[in-house]
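The paragraphs after it go from one whole chain to single contacts.

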Amino acid sequence: MDATLERLERRIEREARQPRLLRFSKRHPMLVFGLALLLVMIFLAVFAPWLTAHDPTEMNVIDRLKPASAQYIFGTDALGRDIFSRTLHGARVSLLVGFCVALLSVAIGIVIGTVAGFSRWIDAVVMRIMDGMMAIPGILLAVALMTLIQASVQTVIIAIALPEIPRVVRLVRALVLTIREQPYIQAAEAMGTRLPWILARHVVPNLLTPLIVQASFICASAMIFEAYLSFLGAGTPPEVPSWGNIMADGRSVVQLAFGVILYPGLFLGLTVLAVNLIGDGLRDLLDPRIAKKL
Amino acid sequence: MSVPAIDVINAAPPVPKPALLEVRNLVKYYPGGGSWLRPRAIKAVDDISFSIGYGETLGLVGESGCGKSTAAKTILRLIAPTSGEIVLKGIDVAGLSSAQFRPYRRDMQIVFQDPYASLNPRMRARDIVAEPLRNFGQPGDWDDAPVAALFERVGLDKAAMSKFPSEFSGGQRQRLGIARALALKPKLIVCDEPVSALDVSIQAQVINLLEDLQRELGLSYLFVAHDLAVVRHISQRVAVMYLGRIVEIGPVGELYANPRHPYTKALLAAVPKVGVGVRREKTLLMGDIPSPANPPSGCTFRTRCPMARTACADNSPELKLQGPAHWAACHFV
Amino acid sequence: MSTPILEVDNLHLTFASRDGITRAVEGVSWQVHAGEMLGVVGESGCGKSVTAMAILRLLPGAPTTHATGAIRFHGEDLLHASEARMQEIRGNEISMIFQDPMTSINPVLTIGEQIAEVLMLHQHLGRKAAWVRAVELLALVNIPDPQRRVKDYPHQFSGGMRQRAMIAIALACKPAVLVADEPTTALDVTIQAQIMELLDRLRRETGTAIVLITHDLGVVAESCDRVVVMYAGRKVEEAATPDLFAQPGHPYTRGLLSAMPHLDTPLTQPRTRLAEIPGMVPSLRTAAVGCRFAPRCSLAVDMCREKIPSFEPIAISNPLHRAACWRTTIVSEEVAA
């Protein structure tokens, strides 16, 4: 056969023989990089107590506003607390908030969106409520909620998840309307399958692929959102270090100890980048047309 | 238009038998036709009647907008009928509630046209075929044996039971759909264009399978299709639909050899034929198929009919007896 | 025989993806002459559509697509022509119409604009002149009330009329060749008959050669002068239409004809089973050593599996009717039964 073709064939064969992980990384570099970065962050968050020498709330006022050193890796803040320790412990909160918001909003969104897709009158009512919620800027909604309830990590999660729900509901509803028309749904009906089972077994599993991508973007957005809220003082309570909190505390002393804003901000930025890369990478991975291209 | 007395419809074979399915004056209207000032209903199915005996195949043919697919799905109550009777084994199921109707679903199943969209891509083949069994069987009954038996019956390898639909070819997927339809041992299977999406060489395999199953299991088919040659091969009786109405119905040999309605004649003439030295002149039907949203008054076929006269616009013709069990709806035959 | 207008010469088309190489077309050659309608018939995956796309160079380029051989239009090799030259040819000297008129016509432009676009681009007509010509073209393809309809959008046309509009766009610049890729597959049978009659009339009036790609043997039987049958990327038979259907030479062609129910076969009770072709079309990922049809062929012998059959006449009396089969052509006496 033709020389170019043979070379092409050999190249494809060579690639097929490489170990799977290597092949995967070459084809989806951003996804793998994002995953790696996120895993590093999760590792740091989980093992924070063992990786840090100081307690995040421990105040050594004599050592306040010190620059980075061997003892205080990122320096200290206005109250003498170790920024490194606070940053790593803050990762716990921020990551927790991100994942929980994504999970919660998608779960609720699936339930509401599926029901709206199947029942016309529920659809009319629900979509008007969703429209109403989307008309209010998310941050105002969250701040309003936080003033009404006692601040804690759980309440912050709920306050951030709520404005994200309408977008998920919109997406789910649109997908459900398409899926409903598919012959396999009619086939299930013809076989006597009851509606709840149709929803659980036929509709929802076919929603998951686009929703996973959406969930990763919600996660990234939620982490930044939490930082906004804490910066405004309406987020996690001051005893609990989160990246937003730390940066909020350091607002006034930014000229003296830039590290108070720099390090948490850097970590936040890297984590959000990682999650966004994962979202983009997943979308490409799950799109069969792009996945097959050379 | 309604067809009187039941016996005459089932006159082939000559000894009349009780019908498995009798459809009487079935109507399905959708809102949205006409214009904003004068809204009319879209008459997707406009008063059709027919019956199907045990072990018999009734072919239902027609072009776009004739309502054959809508009729098929309405009979299964996948679409709610607007009015009419659907008499299954002597009981009218058209007016039953969903819960009351559910047990009757065991007797009527469906095979769809699209082998790709009629199977849930996220379910394994085994689960797809087992689903009807699980709907009506014992809760703890997850035995593979009945599913394996169904696979064998339709010519699929038992090892394929754990695969996903994307791993099958088009013809195999259609076999899977047939296996699923057989699971509840129905008496009637509605085949909605089951081979239209398949290659010719695979069509033959699936058609042969359907015929074998009919012989072995005594199944009846309502075979909806637009391919006239396939319908002729598989059916005992054929009904021709145009814009929601049956314009001709009769035994297959008689209808194809001596079509009475001008539409049937035109349809048969338009089918491209593989014959030696075939390049004959045909009288072509002019114009386009009218939209069901705005059908012509009187006889809906008059806008394209070579025999149309002024009287055709006034009232729509009733089905008239043309020969043994052969009816056509035209003022002039 | 007069010189062909369009000639496909030993075309090989290969597509490369992560999963491997697909040999979509292997060594296919055919020609079409002025005023002739050539049918290229085969089932899905046989390579007929990609051959058509290759003529107008509509396939994605390297490294995904790899083409060797030649496609000669008036002697000029289109596979190696420049993109600028191809743009001159497309819509102008060689036109194409597609299967689905809804997605092949731009839904946000009026029909008139789309016809005028081709005329203004290739024939350098002014806007007014192009619109006048567009109305003429719509009348040519039997669209009633063309003055009014030329300003309509595609969704206001029925399926059959959209297909006619697409034919009007394709023939606007009086091309020498029209490639029709399954033009009637999506249409009802009475509309299909109208469209085929239109194509036949137009080619007789204008002398345009038509390459009709389809899976429907009936359409080919009624309209085409010559037929090429393809299977799994290769040409397996070629003949004048009456010859092909009177005496199909290749076991695949015979198989297709027996597998189809016909309107004139006698109706027995019970029906005679349709003669199935067992098995499935082979995957084009693997290179084949012998005849691609051998695994499904009842006549296959060892030689069939070892060597690709050469293209030979099936009878000495008719050298133009040829097939690629060791068992049914004039070379069969060399092959021990």
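**A walk through the chains**

For a chain of 333 residues, a compact globule would have a radius of gyration near 20 Å; chain B has 21 Å, so its value agrees with that of such a globule. This is a predicted model. Buried residues account for 51% of its 333 residues. Take the contacts in chain B between residues at least 6 apart in sequence: 65% of them join residues at least 24 apart.

How confident is the predictor in chain B? The average pLDDT of chain B is 87, and 91% of the residues score at least 70. Residues 1–16 of chain B are a stretch where pLDDT stays under 50. For this stretch the model has 32 contacts beyond four places in sequence.

One residue shows what burial looks like in chain B. B:Gly65 sits in the loop between strand E3 (57–61) and helix H2 (68–75) of chain B. Is B:Gly65 buried or exposed? B:Gly65 has 21 C-beta neighbours inside 10 Å, and therefore it counts as buried; the cut-off for a buried residue is 20 or more. Leaving out residues up to four places away in sequence, B:Gly65 touches B:Leu243, B:Ile289, B:Ser291 and B:Pro292. B:Val45 is 20 residues from B:Gly65 along the chain, and the C-alpha atoms of the two are separated by 9.6 Å.

Chain A comes next. Chain A has 14 helices and 0 strands. Its C-alpha trace spans about 75 × 65 × 30 Å along the principal axes. Of the 294 residues in chain A, 41% count as buried. Among the contacts in chain A with a separation of 6 or more, 69% are between residues 24 or more positions apart.

A pair of helices in chain A can be followed in detail. Helix H11 (residues 208–231) of chain A packs with helix H13 (residues 259–286) of chain A at an angle of about 170 degrees, and their axes are 9 Å apart. H11(A) and H13(A) are therefore roughly antiparallel to each other, since angles over 145 degrees count as such. On the H11(A) side, the residues making the contact include A:Ile212, A:Phe217 and A:Met223. On the H13(A) side, they include A:Leu268, A:Val275 and A:Leu282. By class, this contact of H11(A) with H13(A) has 14 nonpolar, 5 polar and 1 charged residues.

The chains also touch one another. Where chain B meets chain A, 17 residues of chain B are in contact with 14 residues of chain A. Strand E6 (108–111) and helix H4 (125–136) of chain B are the elements that give two or more residues to the chain B side. H4(B) gives the most to that side, with 4 residues. The residues on the side of chain B that touches chain A divide into 8 nonpolar, 4 polar and 5 charged.

The contact between chain C and chain B takes 36 residues from chain C and 36 residues from chain B. Which elements of chain C give two or more residues to the side that touches chain B? They are helix H7 (159–171), helix H8 (189–206), helix H9 (217–223), helix H10 (241–246) and helix H11 (251–259) of chain C. By class, this side of chain C has 19 nonpolar, 9 polar and 8 charged residues.

Notes
Residues numbered from 1 in each chain as written. Chains lettered and ligands numbered in written order. Predicted model: local features only at pLDDT ≥ 70, side-chain atom pairs only at ≥ 80, totals over all residues. Contact = placed C-beta atoms within 7 Å. Nonpolar A, V, L, I, M, F, W, Y, C, P; charged D, E, K, R; others polar. Axes fitted to C-alpha atoms, helices over the stretch in contact; angles between N-to-C directions. Parallel < 35°, antiparallel > 145°, perpendicular 65-115°, else oblique. pLDDT = per-residue confidence, 0-100. Rg over C-alpha atoms; globule rule 2.2 N^0.38 Å. Buried ≥ 20, exposed ≤ 12 C-beta atoms within 10 Å, placed from the backbone.
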